[in-house]
Amino acid sequence: LERYKRVVKYDKYFSKYSKRYFGPGFDWHYFKAQAVAESRLKADARSRVGALGVMQIMPKTFEEITKKNPGIKGTRKQPRWNIGAGIYYDRMIWNLWKAKRPHMDRINFMFGSYNAGKGNIIKAQKIAKNKGLNPNTWESIESTLPDVTGKRSKETIGYINKIGEIKGVLR
């Protein structure tokens with residue numbers, strides 16, 4: 001993980017788009033950590049399901065982003081626009097999770113939605129509520145997500161933990 005501290009070629013984009021979409025007080029290292037978790041910062045990364053680039057964006061998602069945000073001018077193959085689109089998409093998700101919850105939980109809800117889809121997180125919240133758990137904490141989602149996504153929940157929970165670990169190294 002230490003080696004990612006030295007990979008700085010995209011830092012200007014993480015910083016720029018984090019400021020643009022989240023404001024100057026938000027730590028852009030979260031998004032770099034997300035990109036490391038997604039692609040190991042590889043611009044040519046491609047998943048078996050068709051996600052592409054540094055932020056591993058799906059074609060339909062990129063299309064949705066560029067419709068809503070004409071400021072994203074390039075293609076998802078270009079690192080600058082892939083990163084800009086990914087952080088903009090994070091902001092779209094961030095705006096969904098307005099309920100009162102600790103800041104770190106809101107960050108985890110955002111990244112969890114990026115990975116598993118917001119619909120699955122919402123389903124996990126409903127299950128948490130039915131089980132008498134607080135549906136606005138990530139801890140509750142970790143325990144109910146397996147009921148929604150089965151084995152794939154391990155991937156999402158691992159993704160959140162991995163981002164946290166990487167972020168700790170990037171400070």
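Of the contacts in the protein chain between residues at least 6 apart in sequence, 55% join residues at least 24 apart; contact here means heavy atoms within 4.5 Å. Keep in mind that this is a predicted model, where local features need pLDDT of at least 70, side-chain atom pairs count only at pLDDT 80 or more, and totals for chains, interfaces and linings use all residues. Numbering runs from 1 along each chain as its sequence is written, and side-chain values use heavy atoms, with hydrogens and water left out.

What is the chain built from? There are nine helices and zero strands, taking DSSP runs of H or I with at least four residues as helices and E runs of at least two as strands, numbered from the N terminus. Along its principal axes the C-alpha trace spans about 45 × 35 × 30 Å.

Now for the inside. Of the 171 residues, 53% count as buried, that is, under 20% relative accessible area with a 1.4 Å probe, protein chains only. The largest nonpolar core has 48 residues, and Phe14, Ile87 and Phe111 have the most contacts inside it. Such a core is a set of buried Ala, Val, Leu, Ile, Met, Phe, Trp, Tyr and Cys residues joined through side-chain atoms within 4.5 Å. Helix 5 gives the most to this core, with nine residues.

Zoom in on Phe111: leaving aside neighbours within four places in sequence, Phe111 touches Tyr30, Phe31, Gln34, Asp90, Tyr159, Ile160 and Ile163.

Methods:
Buried means under 20% relative accessible area, exposed over 50%, partly exposed in between (1.4 Å probe, protein chains only).
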